[in-house]
Amino acid sequence: MILVTGGTGFIGSHTAVELMEAGYEVVIIDDLSNSNEAVLDGIKKITGKKPLFEKFDLCNLKLVDDFFKQYNTIKAIIHFAAKKAVPESIEKPLLYYENNLVSLINLFKLMLKSSIRYFVFSSSCTVYGDADELPVTEKTPMKKANSPYGNTKQISEEIIEDIIAAGHPVKAVSLRYFNPIGAHPSGFIGELPVGIPSNLVPFITQTAFGIHPELMVYGNNYNTPDGTCIRDYIDVVDLSKAHIKAIERLLPGKMKSDFEIFNLGTGKGVSVFEMIHVFEKATNVKLKFRVTGRREGDVEQIWADTSYANKELGWKAETSLEDTLRSAWKWEKYYRNQSK
Ligand code: UD1
């Protein structure tokens, strides 16, 4: 059995599907603070089965303890549960430090008392800050994080590293995601931002659906070929599949060291203008957009060197950007029409 914390969230739900389709039994913990229990129905529509689900906050040590006593056949933990909104983390740093770090500490406290030995951590390319070299490899030096959210990811990786260095018999993999986008091709699960989305793709699909009058492009005077920021957008299903590879790498002890880190991206940088054009081409929907000022805290450009993950994890992004944006659009329409 695999524990997926944050399993009703965006990447967690897609990973639960991939795990179940690969034959793993899944139990999800989520406090539903940024997701909806209906996601479990979406997972069932795809896999034919509802995963086990427990609703509680991982910051409550007693509840985590009770959970581990009840579920004693867990072999590995994939830890997604965390707060992830960059602007909110700048406004409410304590909330982010407390939520993201205490939940991790609680999980490890009880994991070390249990027979669970394998841990996969949901990290982010944000740990690199404003990197000096592109593309970034796992060895690219980390700069100061651009936000408290980013700092929680840096600190979390350090906590895991220190636990393992102290000789505790656990193995961990940290997966540094670049920009996860898209949805399951079935259209039954996808990204469900609460309130106005701050990320580009949900804003694009909501604008295409008519929820917003236009998309704001945050700056076209960057030092990039078309002046807009560049990111490495990775399909969420491709990304989820990397978690199965990480579990497989942990389980039979194939690791080179007890804590390994992998970049998960496509290896290709795409600008905001390119995203708009590819979305229009893939969906035949015209997008209204307007260039506005830069958004505070935005990195000019970042994309991954994924050769280490390709070689060592045996994983590679496969879905085209057109297909990914088509899935995101399919999900947006399904979700909006369902909730009418
Ligand atoms: C941010 C974080 C990342 C985090 C992710 C979580 C930074 C540097 N990165 O990603 O660590 O994991 O959120 O969700 O803070 N854009 C527009 N108009 C919009 C929205 C976005 O032009 O309405 C542009 C942004 O300026 C950026 C690109 O689209 O250049 C991608 O933005 P977004 O999807 O928010 O992702 P990041 O900022 O890269």
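Reader: Why is asparagine 284 called exposed?
Author: In this predicted model, asparagine 284 has a relative accessibility of 73%. Exposed requires over 50%, so asparagine 284 counts as exposed.

Reader: Where is asparagine 284 placed, and what is its phi?
Author: Asparagine 284 lies in the loop between H9 and strand E13 (289-292). Its phi is near 60°, a positive value in a residue other than glycine.

Reader: Which other residue has a phi near 60°, and is leucine 32 buried or exposed?
Author: Leucine 32 has a phi near 60°, again a positive value in a residue other than glycine. Leucine 32 belongs to the loop between strand E2 (26-29) and helix H2 (39-47). Its relative accessibility is 19%; buried means under 20%, and therefore leucine 32 counts as buried.

Reader: What makes H9 largely enclosed by the rest of the structure?
Author: Nine of the twelve residues of H9 are buried, so the helix is largely enclosed. The buried residues are Val272, Phe273, Met275, Ile276, Val278, Phe279, Glu280, Ala282 and Thr283.

Reader: How does the span of H9 compare with the expected 16 Å?
Author: Helix H9 (residues 272-283) reaches 17 Å from its first C-alpha to its last, which is close to the 16 Å expected at 1.5 Å a residue.

Reader: Why are H9 and H11 called roughly perpendicular?
Author: The axes of H9 and helix H11 (residues 321-338) cross at roughly 70°. Angles of 65 to 115 degrees count as roughly perpendicular, and the two helices are therefore given that label. Their axes come within 9 Å.

Reader: Which residues of H9 and H11 meet, and how many are nonpolar?
Author: From H9, Met275, Val278, Phe279, Lys281, Ala282 and Thr283 take part. They meet Leu321, Glu322, Leu325, Arg326 and Trp329 in H11. By class, this contact has seven nonpolar, one polar and three charged residues.

Reader: Are cysteine 229 and cysteine 59 buried, exposed or partly exposed?
Author: Cysteine 229 has a relative accessible area of 6%. That value is under 20%, so cysteine 229 is buried.

Reader: What makes glycine 253 partly exposed?
Author: Its relative accessibility is 42%, and the class lies between 20% and 50%; glycine 253 therefore counts as partly exposed. Glycine 253 is in the loop between helix H8 (236-250) and strand E11 (259-264). Its C-alpha is separated by 9.8 Å from that of tyrosine 118, 135 residues apart along the chain.

Reader: Why is lysine 139 called exposed?
Author: Lysine 139 has a relative accessible area of 75%. The limit for exposed is over 50%, so lysine 139 is exposed. Lysine 139 is found in the loop between E5 and H6.

Reader: Where is proline 135, and what is the omega of the peptide bond from leucine 134?
Author: Proline 135 is in the loop between strand E5 (118-124) and helix H6 (148-165). The peptide bond from leucine 134 to proline 135 is cis, with omega near -10°.

Terms used:
Residues are numbered from 1 along each chain as its sequence is written. This is a predicted model: local features need pLDDT of at least 70, side-chain atom pairs count only at pLDDT 80 or more; totals for chains, interfaces and linings use all residues. Side-chain values use heavy atoms; hydrogens and water are left out. Helices (H or I, at least four residues) and strands (E, at least two) are DSSP runs, numbered from the N terminus. The expected span of a helix is 1.5 Å times one less than its number of residues. Buried means under 20% relative accessible area, exposed over 50%, partly exposed in between (1.4 Å probe, protein chains only). Axes are lines fitted to C-alpha atoms, for helices over the stretch in contact, and angles run from 0 to 180 degrees between N-to-C directions. Angles under 35 degrees count as roughly parallel, over 145 as roughly antiparallel, 65 to 115 as roughly perpendicular and the rest as oblique. Contact means heavy atoms within 4.5 Å. Ala, Val, Leu, Ile, Met, Phe, Trp, Tyr, Cys and Pro count as nonpolar, Asp, Glu, Lys and Arg as charged, and the others, Gly among them, as polar.
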